There are 2 protein chains.
Amino acid sequence: MASTLKDVARLADVSVKTVSNVINGYPHVSPDVRHRVETAVAQLRYRPNVSARTLRTGRTGVLALVLPDGDVPYPDELAREVVRAAGSRGYRVVIEQAGPDDERAAPTLADARAMPVDGVLVSAPVAPAELVEALAAAGRPVVLVGGEARHGHCDRVTVDVAGAAEDAVGHLLRAGRRRIAAIGACPTDPGAPPTAGYHRALRRAGLAPVPGHLLPASQHRRADGYRAARALLARPDRPDAIFCHSDPLAIGAMRAAFDAGLRVPADVAVMGVGDIEEGRYSRPTLSTVSVDTGFLAREAVARVAARIERPDAAVAMVTAPHTVLPRESTDPTVR
Amino acid sequence: MASTLKDVARLADVSVKTVSNVINGYPHVSPDVRHRVETAVAQLRYRPNVSARTLRTGRTGVLALVLPDGDVPYPDELAREVVRAAGSRGYRVVIEQAGPDDERAAPTLADARAMPVDGVLVSAPVAPAELVEALAAAGRPVVLVGGEARHGHCDRVTVDVAGAAEDAVGHLLRAGRRRIAAIGACPTDPGAPPTAGYHRALRRAGLAPVPGHLLPASQHRRADGYRAARALLARPDRPDAIFCHSDPLAIGAMRAAFDAGLRVPADVAVMGVGDIEEGRYSRPTLSTVSVDTGFLAREAVARVAARIERPDAAVAMVTAPHTVLPRESTDPTVR
DNA sequence: GTGAAAGCGCTAACAC
DNA sequence: GTGTTAGCGCTTTCAC
C-alpha cells in the first residue's frame, strides 16, 4: 500500500541509506543521485513513517499543550499562537483539553510515553503540582505557561498576575471608583498574586479592603462570574466596580449586573483580564488587561525547544508584558 | 532510562510474549504468572512504547479532528464532545486547527502518515473537496461532521442546514417580522441549503425574497457578521430581522445594530445557529437554533470507529437533530 | 559519497 | 499456557 524507504531505494537504484540522507537533508550527496531519489520519492508519493522514525530516534516532533477546560482566561488565543509558534520551529501540537475534574489528563501525561511527545506546555492555572513533578521526574521537558506559576524547579513563561491586578484596580480607581470588589481571588490566601495586586492598589489609594468584597471563583467560566457577581451586588455595601481575574468571569459579571437591574458602567464598572474577542463585541465592550499571548506562546515554545536540546540547561523564567485596555465597561466615553 | 517489555520479562522471569499477553489483556494467562508480571510492571513503572506498538500494528489509537479557525459555528462545544466520545471508545484526539487560509493542514492530513492517526473527523464547512478526496484515496477513514456535506463518497454526520434555516426564519416570521435578511448565505448559489431553507420559509409565508437581503460571509467570525450587518442596516429597505448562519456571525450583527443606533430586537431581530455559550450571556441573549453537538460527536466517532473496523462497509449518513431556542434577541419577553 | 547491517520496542505467527 | 523469533520502517555506525 504505502511505499517505504526500500521501495524508493529500489526505484532510484541506490541504497536505503542514501535515500535517508536525501530525505533528511544530509549535505554530501551528489546532485545526480539526489535528483534520482527525489524523482522516485515524488513518483511513489513516499512519506516517511513517523512511528518508525520516532521509534528509532526517540523524537516525535510533537509538543503537547495542556489546557484546562474553562480554566484559562484566553484558551483559544493561546492555542492558536502556540500552534503557530511551534509550527515555525517544525513542531506540531496536540492540544490536551483537561478539566480539573478530568482524571484522565494528569496520569496520561505524567506517563512519559503514553502520548509520544517531545515536550509539554502546561497552562499554569491548571497545573497540579503532582503532574508537573511527575513529568519532570520522567525527564520530560515541561514549561509552565501563563498564570503565576508557583511550582518548583521548572521553566516558566509567566504573566505578572499581581501587576495586572494592580493596574486594573488602579484604572478603576482613576475612573473614580471607591468600592472595588474582586472575583477570582483566593480569600483564604491574601498572599495570592492577584489578591496581592488588588490590595496593593487599594492601599496606595488609601483605601481599606472590604472583607466581603473578595470572592473566589472555582474556574474561569461565565457562570462562575455570574454567580459571584450576583452575590456581590446583593450586598448592602454594594461595590461600584468589580475586577474579575479573567474576561469570561467579567462577561458573567456583566450579565449578573443587568439581571439585577443595574447599569454597566454607570452603577457598577466591570473589568477583566485576557482581552478575548468576545469582549470586543459585548455590550458594553469589556475593559480588560491584555496579555501578550503571542509573546507567551513564542517564549514557551522557545523554552521547551531549548530544553529538548539541552535537558540540563539552567531553569529559565520570563514574564509576558500586559496592557490595560479601557473600554465601555469602565469608561462610557471610549469604544 | 525507560523500561521495556524485555526488562519486565526478565524481572518477572517470563518471556516477552507473556508480558505482552498480560499487557494486552489476553485471557489465557495463569493467575500466578499474571500476578508476577503485574508486579514487575508496577515496580519498573513500565509503559508500552506507543511508537513501537504503532509501527507493529499500524494502529495509533488516535483520531484527528480538523477544525477550521473561525469557520465552525460551535468549535469549542464540538471539540469537547468529540474528545469525550472518543475517550469512551479508547481513542485520543488531536485537534487540528486549520483555517481555510492555512496551507499546511490539507497536505499534512492528506498525507496518510504524516500525523499517525487511525481516522479523521473533518468539519464539513472547511473541508475542501481535494482534502477529502486525498484522504479517502489514501485509504484513511474519514467522516465529515456538521454542516451540509456535499462531497462525494464519504461517511457523514450532518446537520439539516436547510431545515435549521427554515425553522429560524419561520420563527422570525411568527414573531411578526417581514423584511428578513440573511448573513452567511451564498448569493451565487440559491440552491445552497441555508439559502434554500430561507427561501422556502419566505415562500411559505407568501413573501418574495429581496435580492440585496442575502449577504455572504467568508467565515463564521464576529467581524464577518459585523461587516455584513452594517451593510444591511444601511440600506433604504432596512431589514427588520437578520438570520445569521451561525452564532458568532449573529453576535457581530447585534453589535453592528447597536453601533448603528438600532435596538435589538425592537428595531431589528437577530438570530443565529449553534447555541454557543456566549449567546446565553450576551445582551440581549441570542435566539438560536441549537444543534445537538453531543449527538454529532458521538455519531461521528461511532462512524470512524466502524469504518476503521470495516473499511469496506457501506457509506453511512445521519442527521443531527436541531431545536429553535427563542431568546431576547427575537422575543423581548423571554429570557 | 554510498552501501550493508544492526537494532529501536513491540506484536504475532508458530513451535512446544 | 508459554517461549522463540521474525520483522514493522527507519536511522545510524561502520566499512568501503
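**Sheet pairing, helix packing and the DNA surface**

In chain A, strand E9 (residues 269–273) and strand E10 (residues 287–291) run parallel and are joined by three bridges. Within this pairing, Val273(A) lies opposite Val289(A) of E10(A). The structure described here is a predicted model. Both strands belong to an open sheet of six strands in chain A, arranged in the order E7-E6-E8-E9-E10-E12 with mixed pairing. Strand E7 (214–215) and strand E12 (322–325) of chain A stand at the edges of this sheet, and because each has a single partner strand, one side of each is left without a neighbour in the sheet. In general, the strands of a sheet pair through backbone hydrogen bonds, in either a parallel or an antiparallel manner.

In chain B, helix H1 (residues 5–12) packs against H2(B) at an angle of about 105°, the axes being 8 Å apart. An angle of 65 to 115 degrees counts as roughly perpendicular, and H1(B) and H2(B) are therefore described in that way. On the side of H1(B), the contact involves Leu5(B), Lys6(B), Val8(B), Ala9(B) and Ala12(B), which meet Val16(B), Val19(B) and Ser20(B) of H2(B). The residues of this contact comprise six nonpolar, one polar and one charged.

DNA strand C is surrounded by 25 residues, of which the closest are Ser15(A), Val33(A), Leu5(B), Asn49(B) and Ala52(B).

Conventions:
Residues numbered from 1 in each chain as written. Chains lettered and ligands numbered in written order. Predicted model: local features only at pLDDT ≥ 70, side-chain atom pairs only at ≥ 80, totals over all residues. Near = placed C-beta within 6 Å. Pairing = 2+ DSSP bridges. Helix = DSSP H or I, 4+ residues; strand = E, 2+ residues; numbered from the N terminus. Axes fitted to C-alpha atoms, helices over the stretch in contact; angles between N-to-C directions. Parallel < 35°, antiparallel > 145°, perpendicular 65-115°, else oblique. Contact = placed C-beta atoms within 7 Å. Nonpolar A, V, L, I, M, F, W, Y, C, P; charged D, E, K, R; others polar.
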